[in-house]
Amino acid sequence: MYASNAPLDKELKNDILEAVILPKHVEAVAYRSVRNSETDFPVLTCCAAKVNGIYRVSVGARPMRAAYTADLNGMLKDGITPESAAAFSKWVSEQFATGSNVRASADYRKKMIAVLTKRNVMELAESEKAAQTKGGQV
């Protein structure tokens, strides 16, 4: 057994994620998952983060290994509104392949990627507003 400090954008083979260490340049994070029951394995997991001003989304339990994408096109650069969050979440859902298993179908997972991404991005917008109201950083 060994530990690795490799960033998540590098492909890891047969590794087990034991912990996540957030670097100091992460400005905000929101996480959600869908489960069939409270104690079941997740059907889908989704995390959105703002890192150095760039929004990133990682999706796991697709049922493939987790993967991520980033808003390199600047879809959210002018701020997050319900409309921009919806457009971004639709784009994110198109970036990931999904599969079917006993927990959920590939089509259901694809739809849930968009739903969870939009909710996470709207949560990031709320945390940014709260930080601006307090006069601090996110």
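Predicted model: local features only at pLDDT ≥ 70, side-chain atom pairs only at ≥ 80, totals over all residues.
In what order do the four strands of the open sheet lie? Residues are numbered from 1 along each chain as its sequence is written, and side-chain values use heavy atoms, with hydrogens and water left out.

**View 1. The open sheet.** The order is β1-β2-β3-β4, with antiparallel pairing. Strands here are DSSP runs of E with at least two residues, and helices are runs of H or I with at least four, numbered from the N terminus; two strands pair if DSSP finds at least two bridges between them. At the edges sit β1 (26-35) and β4 (67-70), each pairing on one side only. On average, neighbouring strands are turned by 15° against each other, direction ignored. Axes are lines fitted to C-alpha atoms, for helices over the stretch in contact, and angles run from 0 to 180 degrees between N-to-C directions.

**View 2. The β1 and β2 pair.** Nine bridges join β1 to β2 (residues 42-51), and the two run antiparallel. Look for Arg35 opposite Pro42 in β2, and for Val29 opposite Ala49 in β2.

**View 3. Helices on the sheet.** Helix α2 (residues 106-134) packs on the sheet and touches β1, β2 and β3, with its direction at about 145° to that of β1. Contact means heavy atoms within 4.5 Å.

**View 4. Helix α1 and its cover.** At 1.5 Å a residue, the 14 residues of α1 should span 20 Å, which agrees with its end C-alpha atoms being 20 Å apart; the expected span is 1.5 Å times one less than the number of residues. Buried residues of α1 include Ser84, Ala85, Phe88, Trp91 and Val92, where buried means under 20% relative accessible area with a 1.4 Å probe, protein chains only. Their cover includes β3, β4 and α2.

**View 5. The largest nonpolar core.** This core has 24 residues, and Val57, Val59, Ile80, Phe88 and Val92 have the most contacts inside it. Such a core is a set of buried Ala, Val, Leu, Ile, Met, Phe, Trp, Tyr and Cys residues joined through side-chain atoms within 4.5 Å. The largest share, six residues, comes from α2. Not counting residues up to four places away in sequence, Phe88 touches Val57, Asp71, Met75, Leu76, Thr117 and Val121.

Definitions and conventions:
Buried < 20%, exposed > 50% of the residue type's maximum accessible area, 1.4 Å probe, protein only.
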